[in-house]
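Hi everyone, thanks for coming. Let me put the model up on the screen, and then we can walk through it together.

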Amino acid sequence: MKLFVDTGNVKEIEALAAIGILDGVTTNPTLLSKESGDYKQILKQICQIVQGPVSAEVVATDTAGMLREGRELAKIDPHIVVKVPFTKDGVKACKTLAAEGTRVNVTLIFSATQAWLAAKVGATYVSPFVGRLDDIGTTGMNLIREIVDIFDNYEYGTEVLVASVRNPIHIVEAARMGADVVTVPAAVIDQSFKHPLTDLGLERFLKDWEKAQAAKV
Ligand code: E4P
């Protein structure tokens, strides 16, 4: 399963890329609006750091506008994946952009039929939002299971990108279900590194080693 970070923050991306665990990045208008500077330059910088797929979202809501914005975004860097919302206009734009050879991430997916329709028009990724489903009292991960099951029956070539991840349990469940990609906020990636027994174990190893060295002198 590929790991993307869900952020528009260059520093967070640099830190994770330096560890060697990052396969790509997803941004959205909310995330990019938190960053200062020109969003196209930020996206270019992110592409240069990660050297993998970087999702950049359109803000137009009509097909013509999405196509115009999508083509502009795609010009920023070959790593750009154009993100369009799941609407009739978005699906139509996805079909055209995909036919032109642009990779498209269809976002704001909340049902299996939406994911299936996006796959039919050639989406490279579908982004089901698990955390936002949990937020309204349904089990978001059930949707991932449904989409993975459906995609396993056919050869769409569309990858399931688990989005709106809130905790490491979402990551574990996504991997167990066979999702292709998980996009995770940097804070949740940090949580995934931590375990008190790792810290305690390391402390004990180092102490024992020090004690043994001291006894030898
Ligand atoms: C996905 O690409 C979205 O950017 C993101 O995962 C949304 O997450 P949120 O529900 O935490 O805003």
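Here is one to start with: which residues are linked in a network of salt bridges? They are Lys40, Glu72 and Lys75. By salt bridge I mean a side-chain nitrogen of Lys or Arg within 4 Å of a carboxyl oxygen of Asp or Glu.

Before going on, a word on the ground rules. This is a predicted model, where local features need pLDDT of at least 70 and side-chain atom pairs count only at pLDDT 80 or more, while totals for chains, interfaces and linings use all residues. Residues are numbered from 1 along each chain as its sequence is written, and side-chain values use heavy atoms, with hydrogens and water left out.

Glu72 and Lys75 pair at 2.9 Å, N to O, and both sit in helix α4, residues 63–76, three residues apart, or about one turn of the helix. Helices (H or I, at least four residues) and strands (E, at least two) are DSSP runs, numbered from the N terminus. Lys75 is exposed at 63% relative accessible area, whereas Glu72 is partly exposed at 35%. For those words, buried is under 20% relative accessible area, exposed is over 50%, and partly exposed is in between, with a 1.4 Å probe and protein chains only.

The search of the whole structure finds eight salt bridges. One of them joins Lys2 and Glu159 at 2.7 Å, N to O. That pair links distant parts of the chain, with Lys2 in strand β1 and Glu159 in strand β7 (residues 159–162), 157 residues apart. Another is Glu57 with Lys83, at 3.8 Å, N to O, and both of those residues are buried.

Lys83 also takes us to the ligand, as one of the residues surrounding it; a residue counts as near if one of its heavy atoms lies within 4 Å. The shell divides into two nonpolar, three polar and four charged residues. Here Ala, Val, Leu, Ile, Met, Phe, Trp, Tyr, Cys and Pro count as nonpolar, Asp, Glu, Lys and Arg as charged, and the others, Gly among them, as polar.

How far is a polar side-chain atom of Asn28 from an oxygen atom of the ligand? That distance is 2.7 Å. For Ser164, a side-chain N or O atom is 2.7 Å from a ligand oxygen, and a polar side-chain atom of Arg166 also lies 2.7 Å from an oxygen of the ligand.

Key. Polar contact = N/O pair within 3.5 Å; in protein donor to acceptor, adjacent residues only side chain to side chain.
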